[in-house]
Amino acid sequence: MPVSSTAPVPPSPGPGEVVVGEAVALDLRLAQLGSRGLAFGIDAAVVFCTLLASFLGLMPLLSGTDDALGAAIGLGLMVMIVVGYPVVFETLTRGRSLGKMALGLRVVRDDGGPIRFRHALTRALVGVFVDFGLSSGAIAVISSFCSARGKRVGDQLAGTVVVRERVRESAAGYVPVPHHLALWAAGLPVARVPDAAALQARSLLTRIAEFDPAIAAGWAGQLAAEFAAVLGPPPPGSDPVAVLAAVLLERRNREIAAATGMAHGPNPGWAWSPPPQPAGVVHPPRLPASPPPGSAPGPFAPPG
């Protein structure tokens, strides 16, 4: 059912939803305890192998040193690896360790945005000394069961939640990005768009069929104005929805280029948006396997 302009208070989000600034729920699928446990097992194996290799490499160097010094060096190395591994990986990959990559999981902020160094550090320190260190994981399991969103103590203190990135999707429609807007966005510093604004634009594009057209147009105009304040005004007469799609398309294309090491140039493409659906049915954004017939190729998925 389209959102009515007379509704003063939006519905409260469910336990698996994340609310952004406009009080619109993003359909983020919470990771289950089983998949998180498997991801933790992979990460623990990586940490153990790294520790073993490090100690074997240091043993010849520490063989002639004082026992207390050797113990201090070994303890420092262990803490550095156990804490540093998740902090470094989750900071550089915006919420994914090797185990989470393998299981299709990601750590995000409570508002759905990407985590920063402080979030990763808080999760790692609390995980080592509270969730897993003091009770061999019992505290983490109990906390996850008691939390409606499956949060362990580290997530509670860091303000984060673990979600699934790989979700089955149904067929989707496409909203075209005009060639001139794709070329316009290709020359802009699209990384300057604040994450909060990009998240709201993603929410609008992926759920636009659920909103009253006037509400969607007004929201798109506000977001397009926020984008223009950072990137400069779009070509005269541009549709605000197409402007948002062009900027998000360019953001995603550059992220893909950076991840794969491939050069990226102006590439008109197609922005994904779900067709009209029954009320309450929302499908997450994805990279289309192929563009519609007769269109210019160009992958798109809103930044995640």
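1. A salt bridge is a side-chain nitrogen of Lys or Arg within 4 Å of a carboxyl oxygen of Asp or Glu. In this predicted model, the side chains of arginine 149 and aspartate 110 meet in one, at 4.0 Å from N to O. The two residues are 39 positions apart, so the pair links distant parts of the chain. Arginine 149 sits in the loop between helix 5 (138-146) and helix 6. Aspartate 110 sits in the loop between strand 4 (105-109) and helix 4 (117-131). Aspartate 110 has 28% relative accessibility, so it counts as partly exposed.

2. Which helices does the pair of arginine 251 and aspartate 195 tie together? Arginine 251 lies in helix 10 (residues 240-260), and aspartate 195 lies in helix 8 (residues 195-207). Their side chains form a salt bridge of 3.5 Å, N to O. The pair therefore ties together parts that are 56 residues apart in sequence. Arginine 251 and aspartate 195 are both buried.

3. Is glutamate 250 buried or exposed? Its relative accessibility is 4%, so glutamate 250 counts as buried. Arginine 254 is at 28%, so this residue counts as partly exposed.

4. Now the wider set. The structure holds eleven salt bridges. A network of salt bridges links Arg36, Glu90, Lys100, Arg123 and Asp155.

5. Next, the overall build. The protein chain has ten helices and seven strands. It has 304 residues, and 42% of them are buried. Take the contacts with a separation of 6 or more: 72% of them join residues 24 or more positions apart. The accessible surface is about 15,200 Å², and carbon and sulfur atoms account for 67% of this area.

6. Check the confidence before reading details. The mean pLDDT of the chain is 74, and 72% of the residues reach 70 or more. Helix 6 (residues 153-158) has the highest confidence, at 92. Strand 7 (residues 270-273) has the lowest, at a mean of 40. The pLDDT is below 50 over residues 1-27, a stretch with 50 contacts in the model beyond near neighbours in sequence. It is also below 50 over residues 265-304, where the stretch has 110 such contacts.

Notes:
Residues numbered from 1 in each chain as written. Predicted model: local features only at pLDDT ≥ 70, side-chain atom pairs only at ≥ 80, totals over all residues. Heavy atoms only, no water. Helix = DSSP H or I, 4+ residues; strand = E, 2+ residues; numbered from the N terminus. Buried < 20%, exposed > 50% of the residue type's maximum accessible area, 1.4 Å probe, protein only. Contact = heavy atoms within 4.5 Å. Areas by Shrake-Rupley, 256 points an atom, 1.4 Å probe, with all protein chains shown as cover. pLDDT = per-residue confidence, 0-100.
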